[in-house]
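Have a look at the model first, then read on.

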Amino acid sequence: MLQEFPNKTEIIFETGYGPSGLPHIGTFGEVFRTTVVANALKKISPGIKTKIIAVSDDMDGLRKIPDNVPNQEMLREHLNKPLTIIPDPFGTHESYGHHMNSLLCKFLDLFEFEYEFRSATECYKSGIYDEKLLLLLKNYDKVMDVMLPSFREERQQTYSPFLPICSKTSQVLQVSVIERNTDKGTITYKDSNGEKIEVPVTKGGCKLQWKPDWGMRWAAFGVNYEAHGKDLTPSAVLSSQICKILGEKPPLLFCYEFFLDKEGKKISKSKGNGISIEEWLTYAPIESLALYIFQSPKKAKRLHFDVIPKSTDKYLEFVKRHNESKEKDISNPAWHIHQSDVPNIETSGINFSLLLNLAAACNAENREVLWGFISTYAPDVTPENNKMLNKLSDFAVRYYHDFIKPAKAYKAPNEKEKEALLDLKNTLHSLSITATAEEIQSQVFSIGKKYNYSNLRDWFQLLYETLLGQKTGPRMGSFVKLYGVDNTISLIESAIEK
């Protein structure tokens with residue numbers, strides 16, 4: 001990046017938000033990924049300043065009403081108006097746009113991002129964009145030469161990069177421009193009555209179509225880096241050309257893949273599919289979400305509740321690996337998630353998946369039930385001296401009740417399987433009280449081989465289905481050690497009696 005902008009003492013990062021719909025994890029992810037790059041740059045080159053600008057396109061006209069907002073009838077009366085003059089359907093803010101902007105900032109502040117928030121409405125009306133808007137008007141034909149080949153012939157006949165704001169209806173108009181006056185800085189169009197209307201392109205009299213707007217914004221703010229979704233790649237090419245027309249070097253761009261819902265469809269602000277940030281944080285710490293976003297940005301990933309446990313455990317593992325070496329630390333996601341200041345987190349060998357299975361085994365109603373087992377397993381560990389394990393216990397109980405318990409289906413073992421389970425029961429009964437999780441695991445493993453399970457996964461799946469009522473489960477040695485040998489024997493006895 002520094003080679004691309006060799007004379008810069010400050011690198012400007014930008015991220016955009018379309019506030020027509022509720023912010024989702026994709027919105028959060030775009031800013032997080034940008035922040036990771038900015039922080040890494042500061043570590044590589046301490047003398048370089050960085051700034052992240054988060055721009056809300058809140059002057060856009062509302063073209064479609066999202067499915068997941070209230071007062072839809074009221075909103076229909078305000079279609080095509082800028083978001084910042086439409087009443088707030090939630091009844092808490094000055095406008096629809098202000099409400100959505102507050103949600104965006106709340107999400108970003110949750111992770112303590114450092115950013116400058118910019119409202120498109122304020123930027124247009126305050127004159128911040130005026131210089132570039134007038135320059136774009138002056139280079140109108142060049143901009144049209146860039147844009148028109150990307151449209152069908154019918155759209156080419158009516159397209160203009162400038163969208164006037166109607167003084168009568170307050171709507172953002174998609175109309176043909178019939179005259180331009182660069183001296184006055186105005187455009188002229190015909191309204192629905194055939195009357196010629198002249199409006200300034202500055203001070204909020206117009207806004208730009210979004211592709212020219214993107215390029216103009218880069219030029220106005222001197223943006224050096226922006227990440228965007230794969231679907232915007234063709235648009236980014238056009239916007240880069242417009243940025244050049246306006247006399248500035250386009251930013252370095254990073255293209256990332258989509259988040260998908262459980263059906264494999266792209267998540268959408270208007271549909272509200274996928275997981276919201278609040279939903280994820282109901283069941284796991286925010287660092288687990290950051291890790292999920294951080295890894296494999298060029299790969300499309302399902303964003304559903306079943307990815308939460310694995311992401312949480314992977315986060316704990318990366319934190320554990322921190323401080324192996326300076327070179328490995330920089331490639332460790334935890335280093336980036338915590339901006340190089342990785343906390344020391346010790347969970348005594350208990351991860352999130354193990355807690356989930358513990359909750360399933362004892363049908364835990366609250367975290368205190370789990371702590372009864374944790375305290376026996378690790379007497380020196382308490383909720384007071386291990387805040388992370390205490391939080392994970394809370395999360396595990398919630399996740400268990402909402403996702404695991406409703407899907408429980410216990411398998412009734414056949415006679416051969418009962419014989420193997422009985423052998424396991426007797427083996428556990430004969431173990432020393434000081435047997436380690438590894439020693440227990442070895443015994444469980446040996447019984448699977450003894451009963452000729454050619455694929456030992458089938459043996460462990462039998463244990464999960466008969467003892468826990470689920471298809472997958474924990475490392476059995478660790479589970480038995482945490483849950484207790486006697487308690488596990490009780491589970492086996494109940495399974496054999498079925």
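On a 1 Å grid over the protein atoms alone, a cavity is a set of points where a 1.4 Å probe fits but cannot get out, a pocket is an open set with protein on both sides within 12 Å along at least five of seven lines, and lining residues have an atom within 4 Å of a point. Points are joined across faces, edges and corners, and a volume is the space filled by probe spheres set on them.

This is a predicted model, where local features need pLDDT of at least 70, side-chain atom pairs count only at pLDDT 80 or more, and totals for chains, interfaces and linings use all residues. Numbering starts from 1 along each chain as its sequence is written, and side-chain values use heavy atoms, leaving out hydrogens and water.

There are 2 cavities of 30 Å³ or more:

| Cavity | Volume |
|---|---|
| Largest cavity | about 40 Å³ |
| Second largest cavity | about 30 Å³ |

Thr15, Gly16, Tyr17, Thr27, Val31, Ala54, Val55 and Leu104 line the second largest cavity. β1 (10-17) gives the most here, 3 residues; helices (H or I, at least four residues) and strands (E, at least two) are DSSP runs, numbered from the N terminus.

As for the largest cavity, its lining includes Phe32, Phe111 and His336, and α1 provides the largest share, 4 residues.

Now for an open site: the second largest pocket has a volume of about 560 Å³. Of its 21 lining residues, Pro309, Leu356, Gln470, Thr472 and Gly473 are the closest to the centre.
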